[in-house]
Number of protein chains: 2
Amino acid sequence: MKIGLDIMGGDYAPEATVLGAIEARKSLSPHQKLVLIGDREIAENILQKNNAGTGDFEFVHTTEVIGMGDHPTKAIVQKPDSSISVGFKLLKEGQIQAFSSAGNTGAMLVGGMFSVKTIPGVTRPAMTTIIPKLKGGMGVLLDVGANADCKPEHLLQFGILGSLLAECVYDMPAPRVALMNIGEEEEKGNLLTQASFPLLKESTQINFVGNIEGRDLFNDAFDIAVCDGFTGNVILKLAESFYVITLKKGLKDEFFARFNYEQYGGSPIMGLNAPVVVGHGISNPEAIKNMVLLSKNMVESNLIEKITQAFHQTN
Amino acid sequence: MKIGLDIMGGDYAPEATVLGAIEARKSLSPHQKLVLIGDREIAENILQKNNAGTGDFEFVHTTEVIGMGDHPTKAIVQKPDSSISVGFKLLKEGQIQAFSSAGNTGAMLVGGMFSVKTIPGVTRPAMTTIIPKLKGGMGVLLDVGANADCKPEHLLQFGILGSLLAECVYDMPAPRVALMNIGEEEEKGNLLTQASFPLLKESTQINFVGNIEGRDLFNDAFDIAVCDGFTGNVILKLAESFYVITLKKGLKDEFFARFNYEQYGGSPIMGLNAPVVVGHGISNPEAIKNMVLLSKNMVESNLIEKITQAFHQTN
């Protein structure tokens, strides 16, 4: 297995990414190769400074970088030798089995859709996030930004994708899928959620448990929450801001600590035809390490094959 | 001035509502009459038990109650002698100048639209909520649930309504209006926010400052945030849940304390042709008192006249 890592992506790259790669390497078995994609000379310098053997890694040298502010679609086209563009080329060609980056999220999404494409039957890939639960454990929320406008069938697909992710990668058997809504009753909601409820309810591919509301996000009523990417993105950023506030105020608490993105490593983009993970822009080495290990888990669990099978049955 | 209060509405009514009325009375001047709408005998008993003079209040006796679980539209029609239905009848007839209730929110919205109706030019009334700011002070978010699906012109109207509320009632001069969105740049968002941005930007009736994201809710970038009622309701309930979590965990903090709904008294329904305030279902006497005083402030500030004038100019 070869696991690709964009070492140029993220606010603290390449220092944080290479240090993260060194840490990840320690948790990988010898047959699991870590492929560092980016400026090889810089990477080797950082490795040497940190007494890490360059022989423990494979390198694919690139000369361009897609910045955080770059327009995703334009950047993918105009910077063919960027670490993200090359990473997806390698992924498409099967030279790596997973690709992760803490760089430009939009470019990761567009790059994935242009190169490995979506799994047949999946109409929209979705971004995911982990939601810590008050009683321990976690939930998965999707979509958190890939699709600002959604149709009911997309929310059903998010439910299937989220369920398989939770089962395969997060060890959550028979996950309960809920619809993020503004009332508990079936008829509540906007046009999207009102039309989505019966679709979710009738599906035999998910374990649908009904509506949840904003106040239920951290409780134990669900494992997977589905919503359009606009709602999910607002929720994600609002929840993150609360975590930041508790940090700034020095509030120590086991629950708030579990908001720390570092331990989750990043957000899988679900529905792409290969394991792709996007890390937080501010990823430190710990986050990078966990992002690499998450992408490895996606390969090992045969998640893509299971999604392909699930959507083959549907369509 | 006569201020109407539904003494049957809320989880702790009529005890909490009548006790709240006693407290509110102390802050009102002699010419400001408080009209208690509900079961008169029960009200008088509570007043007497608490050594409050029944002569300090006016009473309108009603025999029915709209419950929290009642269907709003049906209940308004089927319970004509309910405290909410009668309250709106009095408001429509000009026998009271403001009406507030901690009862069924949907019935308050429907009752208002059926009786006093919307101000000419206002296409959709909106529910508001107060957002505490980290640096002190507060913001206003609307719509938080009256309109699950919105059009761009509704968001512009929310901006105008919110601005006038902030200026007249919350003492916020020249309030800055922001669009709740999923990116800072003008072109970001879903179909609704993308189409709303230019409308808000071009309006001369509001002081538009651009997009905000979920993470900006508690910062100082805006005074009024507008969004569709689905997004706003999810935000409201999520923010409330954070507050409840900090309470349960015993976290003491000045900022979190300002999430306490009691001090704000309730949410004005903006766009109706009379001052109407809805209180939190769990309102205690302190919250009821502040709800009454908020509705009084709406009358005293001539808010309805100012909104009428603003929408007369537009249309």
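So, the contact between the two chains: chain A puts in 34 residues and chain B puts in 33, where contact means heavy atoms within 4.5 Å. Keep in mind that this is a predicted model, so local features need pLDDT of at least 70 and side-chain atom pairs count only at pLDDT 80 or more, while totals for chains, interfaces and linings use all residues. On bookkeeping, residues are numbered from 1 along each chain as its sequence is written, chains are lettered from A in the order in which they are written, and side-chain values use heavy atoms, with hydrogens and water left out.

Back to the chains. Chain A and chain B bury about 3300 Å² between them, and carbon and sulfur atoms give 75% of that. Buried area here is the accessible area, with a 1.4 Å probe, that two parts lose on being put together, summed over both.

How many salt bridges are there between chain A and chain B? Four, counting a side-chain nitrogen of Lys or Arg within 4 Å of a carboxyl oxygen of Asp or Glu.

Now, which elements of chain A give two or more residues to the side touching chain B? Those are α7 (191–202), α8 (229–248) and α9 (254–257); helices are DSSP runs of H or I, at least four residues, numbered from the N terminus. The largest share comes from α8(A), with 13 residues. By type, that side of chain A divides into 18 nonpolar, nine polar and seven charged residues.

Okay, inside chain A. Domain 1 is 1–122 + 271–315 and domain 2 is 124–261, with bounds from an automatic or database domain assignment. Their centres, taken over C-alpha atoms, are 25 Å apart. Here 25 residues of domain 1 are in contact with 15 of domain 2.

The two domains of chain A bury about 1600 Å² between them, 76% of it on carbon and sulfur atoms. And salt bridges across that domain interface? The rule finds zero. On the domain 1 side, α5 (105–114), α10 (285–300) and α11 (303–314) of chain A each supply at least two residues. The most comes from α11(A), with seven residues. That domain 1 side divides into 13 nonpolar, eleven polar and one charged.

Technical notes:
Ala, Val, Leu, Ile, Met, Phe, Trp, Tyr, Cys and Pro count as nonpolar, Asp, Glu, Lys and Arg as charged, and the others, Gly among them, as polar.
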